[in-house]
Amino acid sequence: MNNEKLIVEERSRDIGKFLVGRLLPFRKKRQVGPFTFTDHMGPITLPKGDALNVDQHPHIGLSTLTYLLEGHIHHHDSTGADQVIGPGDVGFMTAGKGVTHTERSPQWEKETDNLTVHGYQIWVALPKEKEEMEPRFDYIPSGDLPSWSQDGLNIKVVAGEAFGKQSPLPVHSPLFMVDITAEDVSELKIKDQVKGEIAFVVVNGKVIDEGQEIGPGQMLISKSENECSITVEKGTRLLMFGGEPLPEERFLYWNFVSSSKERLEQAKEDWINHRFPKIPEDDTYIPLPGSN
Ligand code: MN
């Protein structure tokens, strides 16, 4: 046994219409590699006319990684990006010095009865020297991500580098995110396959690590030097992510991440005073919490 492992349970958070399961940040572990925030959204089934509808809001100092298992999100942002993200695709919006975006169900889904939305919203902190970079949006469709089968496992590298394969998604520090499905009970050998800190999120099914079971809604946080392999039960789907930790502490406020508390204050002021870039032809505005 080693005492550096942590098992984190999803905690419900109300983000407006949606209840999400928050996995990071966690009081005993603020980050895993550069990953600072993980929300599990759904699975939720919505009646006709009800849909995902997140109005304009800002970010700084991070990249948002959108990875869906079911349903679609129509992403618009102030760089001009206009992209529908579907299951298995990856959307990666780098906020840098400041970006604004909306996330809505595409029109055809708004007209669908029993729309199911299920996915992960993940924040990756930028390294200090890139915190003020120009904002950008990158999108890679599922079919362009490296995927293969080995030892009863279907593996796809969503972001970064793992198992000697590189996702085409441009990222800003050494990291990885991998989607794994077990066709059969399998041993997932991790040693030397990824670099840095490691977390596993079980989407469905079960994994067993040193006799300990980790199930849906739970996250196992490990360390690469300790983790050799885990047993993955048949039919299990899990996400594995992490990477090299950033040397400085990161501070979070609302949708902002920074290595500087003063920079967070500036971002708050900028949003209140409408100094962020805007999405063309969108007048929606989510106020800073507590500011109205
Ligand atoms: Mn956002």
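This is a predicted model: local features need pLDDT of at least 70, side-chain atom pairs count only at pLDDT 80 or more; totals for chains, interfaces and linings use all residues.
Biologist: Why is Phe-163 called buried?

Modeller: Buried means under 20% relative accessible area, exposed means over 50%, and partly exposed is in between, with a 1.4 Å probe and protein chains only. Phe-163 has 9% relative accessibility, so Phe-163 counts as buried.

Biologist: Why is Asp-192 called exposed?

Modeller: Asp-192 has 69% relative accessibility, so Asp-192 counts as exposed.

Biologist: And why is Pro-47 called partly exposed?

Modeller: The relative accessible area of Pro-47 is 45%, so Pro-47 is partly exposed. Pro-47 sits in the loop between β4 and β5.

Biologist: What makes a stretch a strand here?

Modeller: Strands are DSSP runs of E with at least two residues, while helices are runs of H or I with at least four, and both are numbered from the N terminus. Strand β4, for example, covers residues 35-46, and Pro-43 lies in it.

Biologist: What do Phe-163 and Asp-192 show in their phi angles?

Modeller: Phi of Phe-163 is near 55°, a positive value in a residue other than glycine. Asp-192 is not a glycine either, and its phi is about 70°. Phe-163 lies in the loop between β14 (153-162) and β15 (165-166). Asp-192 is in the loop between β17 (186-189) and β18 (197-204).

Biologist: How do you know that β7 and β8 pair?

Modeller: Two strands pair if DSSP finds at least two bridges between them. β7 and strand β8 (residues 82-85) have four bridges, in the antiparallel sense.

Biologist: Which other strand does β7 join?

Modeller: β7 also runs antiparallel to strand β10 (residues 99-104), with four bridges. Here His-75 has Glu-103 as its bridge partner.

Biologist: What are the two faces of β7?

Modeller: In a regular strand the side chains alternate between the two faces of the sheet. In β7 (residues 73-77), Ile-73, His-75 and Asp-77 form the covered face, while His-74 and His-76 form the uncovered one.

Biologist: How do you know that β13 and β14 pair?

Modeller: Strand β13 (residues 147-150) and β14 have four antiparallel bridges. Trp-148 has Ile-155 as a bridge partner. Two residues lie between these strands in the hairpin, and Asp-151 in the turn has a positive phi of about 50°.

Biologist: What makes a nonpolar core?

Modeller: It is a set of buried Ala, Val, Leu, Ile, Met, Phe, Trp, Tyr and Cys residues joined through side-chain atoms within 4.5 Å. The largest has 26 residues, and Leu-65, Met-177 and Phe-241 have the most contacts inside it. Apart from it lies another core, of 23 residues, including Phe-163 and Val-202.

Biologist: What makes His-57, His-59 and His-101 donors of the manganese ion?

Modeller: Donors are N, O and S atoms within 2.8 Å of the metal (3.2 Å for Na, K and Ca); water is not among the atoms, so sites may look incomplete. The NE2 atoms of His-57, His-59 and His-101 lie 2.1 to 2.2 Å from the ion. His-57 is in strand β5 (residues 53-59) and His-101 in strand β10, so the pair ties together parts that are 44 residues apart in sequence. His-57 and His-101 are both buried.

Biologist: What makes a space a cavity?

Modeller: On a 1 Å grid over the protein atoms alone, it is a set of points where a 1.4 Å probe fits but cannot get out; lining residues have an atom within 4 Å of a point. Grid points are joined across faces, edges and corners, and a volume is the space filled by probe spheres set on the points. The count comes to one cavity of 30 Å³ or more. Its lining includes His-75, His-101 and Glu-103. The largest share, three residues, comes from β9.

Definitions and conventions. Residues are numbered from 1 along each chain as its sequence is written. Side-chain values use heavy atoms; hydrogens and water are left out. On a 1 Å grid over the protein atoms alone, a cavity is a set of points where a 1.4 Å probe fits but cannot get out, and a pocket is an open set with protein on both sides within 12 Å along at least five of seven lines; lining residues have an atom within 4 Å of a point.
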